[in-house]
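Take a look at the model below. We will walk through it one part at a time.

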Amino acid sequence: MTVQGFAHRNYLNADYRFRSWLWTTDHKRIAILYMISITMFFFVGGAAAVLFRLELMTPRGDLTIAETYNRLFTLHGVIMVFFFLIPSIPAVLGNFLLPMMIGARDLAFPRLNLASWYIFMLGGVMAVGAIIAGGADTGWTFYTPYSSTYTNTNVILMALGVFVAGFSSILTGLNFIVTIHTMRAPGLTWFRLPLFVWAHYATSLIMVLGTPVIAITLLLVVLERGLGIPIFDPKMGGDPLLFQHLFWFYSHPAVYIMILPSMGVISEIVACFARNRVFGYKFIAFSSLAIAVIGFLVWGHHMFVSGQSVYAGMVFSFMSMLVAVPSAIKVFNWTATLHKGAVSLETPMLYALGFIGLFTLGGLTGLFLATLAIDVHVHDTYFVVAHFHYIMVGGAVMGYLGGIHFWWPKMTGRMYPEWWGRLSAGIIFIGFNLTFFPQFVLGYLGMPRRVHEYVEEFQVLNVMSSAGASILGVGYLIPLAYLIWSLRYGPLASANPWGATGLEWQTESPPTTFNFDKTPVVREEAYHYDTGLTEASHSHVL
Amino acid sequence: MSFHIVPRSTYFKVFAALVLLLVVTVLAAKVPLGVFNTPIALSIGLVKATLIVLYFMHVRYSPPLVRVFAAGGFLWLAIMFALTFSDVLTRH
């Protein structure tokens, strides 16, 4: 097999020295640093999932004891939420693409961008340090007074790791907001922006407005635990529900930090592989903002059985129903975009279609949970676990993988092997559903979450779930293998292998360090696809 | 983009006002005003925060967009308080 090199100077071959990566202020290189980092965190969190899914193969606790099990699901939750899902699309695809999509040379604050990666890594090292020191057993939610008073595990270091990583998120959000406001190319008005950019704008608002709250909340836990300053402990006059209010004020919108960028990715992919203009562009754009705003008004639906007042429960229930509206608008509009489009089923499109189906299921089961009476029945059961995995994995991770495949040629200048891509997308879809659909049933039948033992009648569904998890694991390892393979052996990609619209496709693959030789001028709306144009999608390679 | 140069004397005046308000906070805490002690302390705190935002953080001299974002932060804080109190004040 011959390996062809790039003919042009680009951001990858501009400098090969190690320090040129560690000191880079190029948004594309920082995106790659993030991609490598979060991939490592993903497999750390995934390893914990492998262990507890193995444990759950049998009703008895014969692989781990309860304490170990608690540490495993805490590790899984903390790493996956704070060190994989939240940074995933914004810090990797957002960092890489946002400046190119708006015709800019870089983000508004390139050095701040690099600082955000170092801060993220510092937080990650602290969290991993806490894990190596024995881990924490509070769950990723750090509920008080257990976390602040009773547990003997490494809550302080773990919470401080999340606290530190939060600043990385704030800085990324700030950078994106300023960049979108001030660095758009001539002619690129707000309603010509790709929907990916709108989604990241909405996400950034949440990052900037919400993350400080989780940061200070976790710091309060540390202060109570470390110094005995009474805040949440009812024995000392504190209110443990105050913790839950503050925690979910951020952590519910954090779900939208995970899903909104994914929605932006899906808008790009669906339009491209349906060769159609996005149906209801403005509705999708504004629905992103609506989700960001309404998402801040719903947090109390996590607290229906906590002792929160019935009145507050009713308010939060109503608001939670409301947030389904902009989400549904997006799903309807993507579906309408497919209508009469020349649909082709390349790997990114398979992920996008998977996203639409799984997100819809996750969203609809969210309405179950937003309903006060049903939530009493299914609260803290596997129904909740299944629901949020349909959103976070079926939604966010599918979107991330779809986006990685879609922009892989742009990021690396190489095509990935399409057959393997389709195969792994299929395996992931099947493995995901086999893992998590049985959990809806388990939860509805009454199996509580966060237990390492269960009654025998739940075993068949648990074995199905663990079998699905092993398929899902294989599905995730295949892209890891072929994407690394493609870095050397993948065919060289053209500048625009998918025949897509958008400024990022007008520059070379991989782009030069400063993205564009001249500042591009935008003269048309986004997604000016001519329906029926299918030739381009069959000539991906140079 | 033009930057507004704030005279150093303005910073000192704001600093003096903050120190004065700090003294008022301490003195007010020593006067038994019943239920009014907390609202008075919070009101003084609000004035101090406003001074910091307007002068030390330059929002007074910033373009409208920056003011909108600064106001947005406080709006979100208000949302957090309002909905949390929708629980706290109606618990039985």
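Packing here rests on contacts, where two residues touch if their C-beta atoms, placed from the backbone, lie within 7 Å. Helices are DSSP runs of H or I with at least four residues, strands are runs of E with at least two, and both are numbered from the N terminus.

Which residues of H10(A) are buried? Among them are Ala312(A), Val315(A), Phe316(A), Val323(A), Lys330(A) and Trp334(A). A residue is buried if 20 or more other C-beta atoms lie within 10 Å of its own, exposed if 12 or fewer, and partly exposed in between; the C-beta atoms are placed from the backbone. Helix H10 of chain A covers residues 310–338, 29 residues in total. From first C-alpha to last it reaches 43 Å, close to the 42 Å expected at 1.5 Å a residue. That expected span is 1.5 Å times one less than the number of residues. After H10(A) comes Lys340(A), with a positive phi near 60 degrees.

A few words on how to read the model. Residues are numbered from 1 along each chain as its sequence is written, while chains are lettered from A and ligands numbered from 1 in the order in which they are written. Because this is a predicted model, local features need pLDDT of at least 70 and side-chain atom pairs count only at pLDDT 80 or more, but totals for chains, interfaces and linings use all residues.

Now turn to chain B. The contact takes 12 residues from chain B and 13 residues from chain A. On the side of chain B that touches chain A, 5 are nonpolar, 5 polar and 2 charged. Nonpolar means Ala, Val, Leu, Ile, Met, Phe, Trp, Tyr, Cys or Pro; charged means Asp, Glu, Lys or Arg; the others, Gly among them, are polar.

Chain B has 3 helices and 0 strands. Its radius of gyration is 17 Å, well over the 12 Å that the globule rule gives for 92 residues, so chain B is more spread out than a compact globule. The radius is taken over C-alpha atoms, and the rule is 2.2 Å times the number of residues to the power 0.38. The C-alpha trace of chain B spans about 55 × 30 × 10 Å along its principal axes. Buried residues make up 4% of the chain's 92 residues. Phe12(B), in helix H1 (residues 8–30) of chain B, counts as exposed because it has 10 C-beta neighbours inside 10 Å.

Back in chain A, look at the loop between H4 and H5. Phe142(A) sits there. Phe142(A) is not a glycine, yet its phi is positive, about 50 degrees. Phe142(A) is buried, with 25 other C-beta atoms within 10 Å. In the loop between helix H4 (110–132) and helix H5 (146–150) of chain A lies Pro145(A). A cis peptide bond joins Thr144(A) to Pro145(A), with omega about 0 degrees.

How confident is the predictor? What is the mean pLDDT of chain A? The mean is 95, and 97% of the residues of chain A reach 70 or more. Over residues 532–542 of chain A, pLDDT is below 50. This score gives the predictor's confidence in each residue, from 0 to 100. Where pLDDT is low, the predicted coordinates should not be read in detail.
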